[in-house]
Amino acid sequence: NKSIKLLEMKLITKIFTPIILAVIVVYLSGCSGSSRKTEVTTEDSTATEAGHEEGEEHGEALELTEIQMKAMDIQLGTIELKNLSNVIKASGQLAVPPQRRADVNVLMGGVIRRIYPLEGQSVKKGQVIAIIENTQLAEIQEEYVTAKNSFSFTAAELKRQQELDEANAGTKKKLQEAQANYNSEKARLGAMEKQLRQLGINPASAESGNINTHMNVTAPISGTVGHISVNTGAFANPGNSLMEIIDNSQIHCDLIVFEKDLFRVKIGQKVRFILANQNNREITGRIYGINKSFEDEGKGIIVHAIIEDANTFGLIPGMYVTALINVGSEQVTAVPVDAVVSSEGKSYILVVDDEGQTKHDEETSEKKEGKEKESGEEKEQPENATHFKMVEVITGITELGYIQITTIGEVPDKPKVVVKGATYLLSKAKGGGEEDHH
């Protein structure tokens with residue numbers, strides 16, 4: 001019986017041992033897979049958490065520490081109320097008044113024998129600028145000498161008739177005839193003397209026998225010689241200009257102001273001119289005249305502005321200018337010009353975001369506390385940082401380093417604005433955004 005039981009036990013062991021081993025292998029495999037899954041899940045969670053931290057880091061592109069702000073020379077200010085000039089923009093051309101522009105003409109035609117100045121040279125009023133020759137001048141001088149001698153006889157006759165009348169030896173008729181001849185000859189002689197002087201000839205010289213066939217042409221005003229339209233040897237006709245002389249010391253600007261702005265423009269208002277052809281150079285002047293009729297068929301009125309110290313700027317009539325007419329001042333919200341930055345065609349200011357900064361600090365503090373609890377270690381608190389946000393604005397008047405702004409959207413009460421270094425801060429924000437995008 002004992003032998004039979006031993007055989008039964010050996011048989012049972014041979015049958016169930018492989019089955020038990022198989023069960024153990026399957027169990028161990030399942031445990032191993034579960035461990036691997038746990039490891040993968042842990043890695044995925046770590047990667048996700050790292051991704052969130054990286055995203056948060058890029059989202060803080062408008063956050064600077066105190067050290068960074070000092071290094072970038074970031075300065076804060078406020079939105080202020082400023083009395084900035086209210087202006088009307090106008091355009092126009094430089095011009096000279098007719099009193100400062102002259103066309104040189106001759107009273108009598110003749111052949112041009114000499115031209116003294118060149119184009120662009122300055123001349124003084126009364127300076128001889130050309131010489132013209134005409135033989136008719138000799139005839140005029142001859143007539144003057146004859147009239148002068150005739151007048152002497154007429155004057156002597158009048159004196160004789162007056163003496164006879166005083167002695168009751170003459171007749172009233174003779175005296176009246178002598179007086180009429182005297183007056184007529186005197187008037188004729190005076191007219192001829194004036195004609196000779198206008199032609200540049202001294203009557204006394206002609207009377208002494210110095211007959212001149214050359215006529216001096218003098219400058220009617222002081223200024224700069226413009227276009228010379230004749231040559232030496234050409235025939236100068238009365239009414240045809242030989243050259244033009246322009247005095248730019250009194251140059252002014254003719255501006256076109258439209259009907260809707262006309263009621264705001266007054267004589268005496270200050271004007272700032274921008275010269276596009278001189279690197280946007282700015283000069284000043286004042287309104288001195290306003291036309292009372294519309295220009296052509298448009299709805300514009302010509303407004304005249306005198307330019308201060310015009311002869312120091314090298315201005316030329318015909319130059320196009322843009323003008324800003326100061327029509328008063330008004331109190332507006334403004335910031336320094338450097339506080340406004342441009343991005344994608346819009347204007348912005350950078351404002352300290354206290355609400356966003358508080359929320360960010362709370363989230364950061366909670367994360368660090370959780371990590372410290374897990375590690376069982378306490379870490380040093382990071383340096384405080386300032387959080388900024390971009391606020392879109394509409395700009396207006398610019399004067400004395402300040403620019404008018406109107407904010408679009410909500411801004412904190414009495415906000416702190418970046419007034420210096422805004423461009424650097426914006427470039428840092430764009431750089432962070434690009435890294436986050438990639």
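Okay, let's start with a sheet: four strands, open, in the order β4-β11-β9-β6, with antiparallel pairing. Two strands count as paired if DSSP finds at least two bridges between them. At the edges stand β4 and β6 (122-123), each with a single partner strand, so one side of each has no neighbour in the sheet. Take β6 and β9: they pair in the antiparallel sense over 2 bridges. V123 has G223, in β9, as its bridge partner.

Quick word on what we're looking at. This is a predicted model, so local features need pLDDT of at least 70 and side-chain atom pairs count only at pLDDT 80 or more, while totals for chains, interfaces and linings use all residues. Residues are numbered from 1 along each chain as its sequence is written, and side-chain values use heavy atoms, with hydrogens and water left out.

Now the whole chain. It has 8 helices and 21 strands; these are DSSP runs, helices being H or I with at least four residues and strands E with at least two, numbered from the N terminus. Of its 438 residues, 32% count as buried. Buried means under 20% relative accessible area, exposed means over 50%, and partly exposed is in between (1.4 Å probe, protein chains only). Look at contacts, meaning heavy atoms within 4.5 Å: among those between residues at least 6 apart in sequence, 76% join residues at least 24 apart.

So what sits inside? In soluble globular proteins, nonpolar side chains tend to be buried together. Here the largest nonpolar core has 35 residues, and V104, I129, I132, V217, L242 and I245 have the most contacts inside it. A nonpolar core, by the way, is a set of buried Ala, Val, Leu, Ile, Met, Phe, Trp, Tyr and Cys residues joined through side-chain atoms within 4.5 Å. Among the elements giving two or more residues to this core are β4, β9, β11 and the helices α3 and α4. There's also a second, separate core of 27 residues, which includes I246, C253, I287 and A323. Back to I129: leaving aside neighbours within four places in sequence, I129 touches, among others, V104, V123, V217 and I245.

Let's stay with α4 for a minute. At 1.5 Å a residue, its 27 residues should span 39 Å, and the end C-alpha atoms are 39 Å apart, which agrees. The expected span is 1.5 Å times one less than the number of residues. Which residues of α4 are buried? They are L175, A178, Y182, E185, L189, M192 and L196. Their cover includes α3 and α5 (203-207). Notice E185 in that helix: E185 is buried, at 18% relative accessible area. Its contacts, leaving aside neighbours within four places in sequence, are A147, S150, F151 and T154. After α4 comes G200, with a positive phi near 85 degrees.

Speaking of phi, most residues other than glycine have a negative one. D73 is not a glycine, yet its phi is positive, near 55 degrees. D73 sits in the loop between α2 (66-71) and β2 (75-78), and is partly exposed at 34% relative accessible area. Then there's E344, also not a glycine, with a positive phi of about 55 degrees. E344 lies in the loop between β17 (341-343) and β18 (346-352). Is E344 buried or exposed? At 79% relative accessibility, E344 counts as exposed.
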